[in-house]
Amino acid sequence: ALAAASACIILGTPLVAAGITFSPALGLVGTITVAVGLLLLGVLVIGWVVPRLESLAGRILLTISSAASSSAMVLACAYAYSIVARRLIISIPQMAVTHGLANAFGFSLCGLLAWALVKRRELS
């Protein structure tokens, strides 16, 4: 499952870039691919990593990080779909506030703080 999540994230990212440059439909495929990878990664972290951690703060922060990433990717899919459908679902300013802040503070900040708290022996 981790290999599938990694493959989706790695392969989907250039598809998003190609979609921005060449084709909104390709961008949607890339966005969905990255979203599937990040959703799967979130499930793996919550189901496999979080229960093994001793630190309550680490467990909470990793759960927030995984949930924030998942919710941000739902918004990204809605935006990519709205470009293809030519029907505004969520605007760029709304994406900056919701998707951007969820990734910056929820996923990145909480995730980095959690991993800083985790002791190496907890994951062995």
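Student: What does Cys110 touch, not counting residues up to four places away in sequence?

Tutor: Cys110 touches Leu61, Ile64, Ser65 and Phe105 on that count. Contact means heavy atoms within 4.5 Å. This is a predicted model, where local features need pLDDT of at least 70, side-chain atom pairs count only at pLDDT 80 or more, and totals for chains, interfaces and linings use all residues. Residues are numbered from 1 along each chain as its sequence is written, and side-chain values use heavy atoms, with hydrogens and water left out.

Student: Which residues make up the largest nonpolar core?

Tutor: Nine residues: Val45, Val49, Val50, Leu53, Leu61, Leu62, Cys110, Ala114 and Val118. Helix H2 (24–49), H3 and H4 each supply at least two residues of this core. Apart from it lies another core, of eight residues, including Val34, Ala35, Leu38 and Met73.

Student: What are the cut-offs there?

Tutor: A nonpolar core is a set of buried Ala, Val, Leu, Ile, Met, Phe, Trp, Tyr and Cys residues joined through side-chain atoms within 4.5 Å. Buried means under 20% relative accessible area, exposed over 50%, partly exposed in between (1.4 Å probe, protein chains only). Helices are DSSP runs of H or I, at least four residues, numbered from the N terminus.

Student: Which residues of H4 are buried?

Tutor: Met95, His99, Ala102, Gly106, Cys110, Gly111 and Ala114. Helix H3 (56–85) is part of what covers them.

Student: Where is the kink in H4 centred?

Tutor: On Gly100, with a kink of about 30° in H4 (residues 92–117). The bend at a residue is the angle between axes fitted to the seven residues ending there and the seven starting there.

Student: Is Leu101 buried or partly exposed?

Tutor: Leu101 is in helix H4. It counts as partly exposed because its relative accessible area is 41%.

Student: Switching to H3. What does Ser70 contact, leaving aside neighbours within four places in sequence?

Tutor: Leu38 and Leu39. Ser70 lies in helix H3. Ser70 counts as buried, at 16% relative accessibility.

Student: And which residues does Ala80 touch, not counting those up to four places away in sequence?

Tutor: Leu28 and Thr31. Ala80 is also in helix H3, and it counts as buried because its relative accessibility is 8%.

Student: How far apart are the C-alpha atoms of Ala80 and Gly27?

Tutor: They are separated by 6.7 Å, with the two residues 53 apart along the chain.
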